[in-house]
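Work through the exercises below with the sequence and the model open. Each task is followed by a solution in steps.

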Amino acid sequence: MPAILTVREAGTERRIVFAARAVVGRDADCDVVLSSRSVSRKHAILEKKGEAWVVRDLGSANGLYVEGKRVSEAPVPSGTSLRFGDVEASFDAGAPARTTSAERLAQSLSIPPARKTRPVAVFIVMTFGVAALVAATIWTRSCDHAARAAARSAAVSAG
């Protein structure tokens, strides 16, 4: 049976269904992506060990809390409340996955983020931005130079 992590973040609640393990964090590569700055890039992992589930902190800065107590690793039976940094969640194991039609539609339409697209896009945008600034500076200086030369030429002809 799949496990369900119900996350309450930024005034919304969403349910993530997973089978054997889920990495929780801010990184786009995580199975459960959280946006809060209190959550580390790779904050924690929920894993099935035998018939039981365990949650383990992955060296997060703001901690992993199980039933209100900070832990580095702990068993998580069904109904356990968790907190990743400031983000509240609850864990249910062994429950049949019941999702609303809207959740099923959102899961079927979601496109997983590409791992390397974001850094490449940032590099390209920054490169073109710097190139545009350099070109604008050169053009402005050449216009100023041409205007000064025209003014000098007009002054010489008039005088």
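**Exercise 1.** In this predicted model, find which residues the ring pairs link into a cluster.

Solution. Ring pairs join Phe18, Trp53 and Phe91 into a cluster. A search of the whole structure gives 3 aromatic pairs.

**Exercise 2.** Classify the pair formed by the rings of Phe18 and Phe91, and state which parts of the chain the pair ties together.

Solution. For Phe18 and Phe91, the ring centres are 6.5 Å apart and the planes stand at 40°. Planes under 30 degrees apart count as stacked and over 60 as edge-to-face, so the pair of Phe18 and Phe91 is tilted. Next, place the residues: Phe18 belongs to strand 2 (residues 12-18) and Phe91 to strand 11 (residues 87-92), so their pair ties together parts that are 73 residues apart in sequence.

**Exercise 3.** Are Phe18 and Phe91 buried or exposed?

Solution. Both Phe18 and Phe91 are buried.

**Exercise 4.** Determine which residue lies over the face of Tyr65.

Solution. The residue is Arg83, at 3.9 Å from the ring centre of Tyr65.

**Exercise 5.** Give the strand order of the open sheet and explain why one side of each edge strand has no neighbour there.

Solution. The order is 4-3-5-6-9, with 5 strands and mixed pairing. Strand 4 (32-33) and strand 9 (73-75) are at the edges; each has a single partner strand, so one side of each lacks a neighbour in the sheet. Val24 stands opposite Val32 in strand 4.

Terms used:
Residues are numbered from 1 along each chain as its sequence is written. This is a predicted model: local features need pLDDT of at least 70, side-chain atom pairs count only at pLDDT 80 or more; totals for chains, interfaces and linings use all residues. Side-chain values use heavy atoms; hydrogens and water are left out. Two strands pair if DSSP finds at least two bridges between them. Helices (H or I, at least four residues) and strands (E, at least two) are DSSP runs, numbered from the N terminus. Rings of Phe, Tyr and Trp (its six-membered ring) pair if their centres lie within 6.5 Å; planes under 30 degrees apart count as stacked, over 60 as edge-to-face and the rest as tilted. Buried means under 20% relative accessible area, exposed over 50%, partly exposed in between (1.4 Å probe, protein chains only). A charge sits over a ring if NZ of Lys or CZ of Arg is within 6 Å of the ring centre and within 35 degrees of the ring normal.
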